[in-house]
Amino acid sequence: MPPGQNQSWVSEFILLGFSSDPTANRTLFGAFLLLFLSSVLGNGLIITLICLDMHLHTPMYFFLCILSLLDTGCVTTTVPQMLVHLLSRSQTISFAGCWLQMYIFGAVGLTECILFVVMAFDRYVAICYPLRYTVILSWGLCTRLSAGTWACGFFFSLIHTFFTMRLPYCGPNMVNHYFCEGPSVRNLACMDTHVIEMVDLVISVFMVVAPLLLIVASYIRIVQAILKFKSMQARCKAFSTCVSHLTVITFFYAPATYLYMRPNSSYSPEQDKQVSLFYNVFTALLNPVVYSLRNKDMKRAFLRVMGR
């Protein structure tokens, strides 16, 4: 590549996906289409109920609405293209398309990392300062917290994507993944990538480890506050309001930590595709199930909206 040029030799990438067998691909298409539609419809239902039902216009459900919006964005960034590739002979994606997909997926994922901290703070205020809940978490603060999460996610994703996609890619161009995921694309670079890996590690510490520590700290304070309750019924009710959030956090952070907080030397394409699928598709499907089946407010809101 001539000096001073940042343009890659590769103009497109080939996404290898899960299988090259047409029969297996048709089966996978049906399964993934069902998962995708269920996820989009489930999260869409939560967003619709929260927007339409005045009883759900509280900080907790405001943040839950944003979470559902992020989950919808996450699956629609990757799964539709994967479905097309499962039935198509061509599995290519343009360099610009890969750049955009990597950026949006990273932005949504990083925004979600910060949003879980905000949701933990919401539970902390609700349980530790119940009488001042609406005063502390005013709509002005909720709006600023929401805007801050989006700004952080999109900013740090831009840094990650910029450093990854400006690497020289001179061939091969076959990405062993079902979408343009950072480490999978980076492995095709024609130069040493240790500096880029260090940049990603720093971003991961700020956007994955630090939020997780803040969430743990919040729940330590929450548990301490709950244990001071004299009524066992009050304790159980307080714990139940946190179970859904903790369940979603666990299924989000466990695969995310595995994928992005380990050295590049332990990269395993086939295993990573499976973990990414769980992190991307199944977690987005799990969230509406957890928050709707365990939540009486959501059930009442559904009946009220349907009763209209």
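The questions below concern a few residues and the nonpolar cores of a predicted model.

Q: Why is Thr111 called buried?
A: Buried means under 20% relative accessible area. Thr111 has 0% relative accessibility, so Thr111 counts as buried.

Q: Where is Thr111, and what does Thr111 touch?
A: Thr111 is in helix α3. Leaving aside residues up to four places away in sequence, Thr111 touches Leu70, Thr149, Trp150, Gly153 and Phe154.

Q: Why is Ile159 called partly exposed?
A: The partly exposed class lies between under 20% (buried) and over 50% (exposed). Ile159, with a relative accessible area of 23%, therefore counts as partly exposed. Ile159 sits in helix α5, which covers residues 139–165.

Q: What makes Val199 and Ile203 contacts of Ile159?
A: Contact means heavy atoms within 4.5 Å. Ile159 touches Val199 and Ile203, with residues up to four places away in sequence not counted.

Q: How far from Ile159 is Thr241?
A: Their C-alpha atoms are separated by 36 Å, and the two residues are 82 residues apart along the chain.

Q: What makes a set of residues a nonpolar core, and which residues have the most contacts inside the largest one?
A: The set must consist of buried nonpolar-core residue types joined through side-chain atoms within 4.5 Å. The largest nonpolar core has 64 residues, and Leu67, Phe116, Ile215 and Tyr253 have the most contacts inside it. Helices that each supply at least two residues of this core include α1 (22–52), α3 (95–128) and α8 (232–260). Another core, of 16 residues, lies apart from it, with Phe95 and Val185 among them.

Terms used
Residues are numbered from 1 along each chain as its sequence is written. This is a predicted model: local features need pLDDT of at least 70, side-chain atom pairs count only at pLDDT 80 or more; totals for chains, interfaces and linings use all residues. Side-chain values use heavy atoms; hydrogens and water are left out. Helices (H or I, at least four residues) and strands (E, at least two) are DSSP runs, numbered from the N terminus. Buried means under 20% relative accessible area, exposed over 50%, partly exposed in between (1.4 Å probe, protein chains only).
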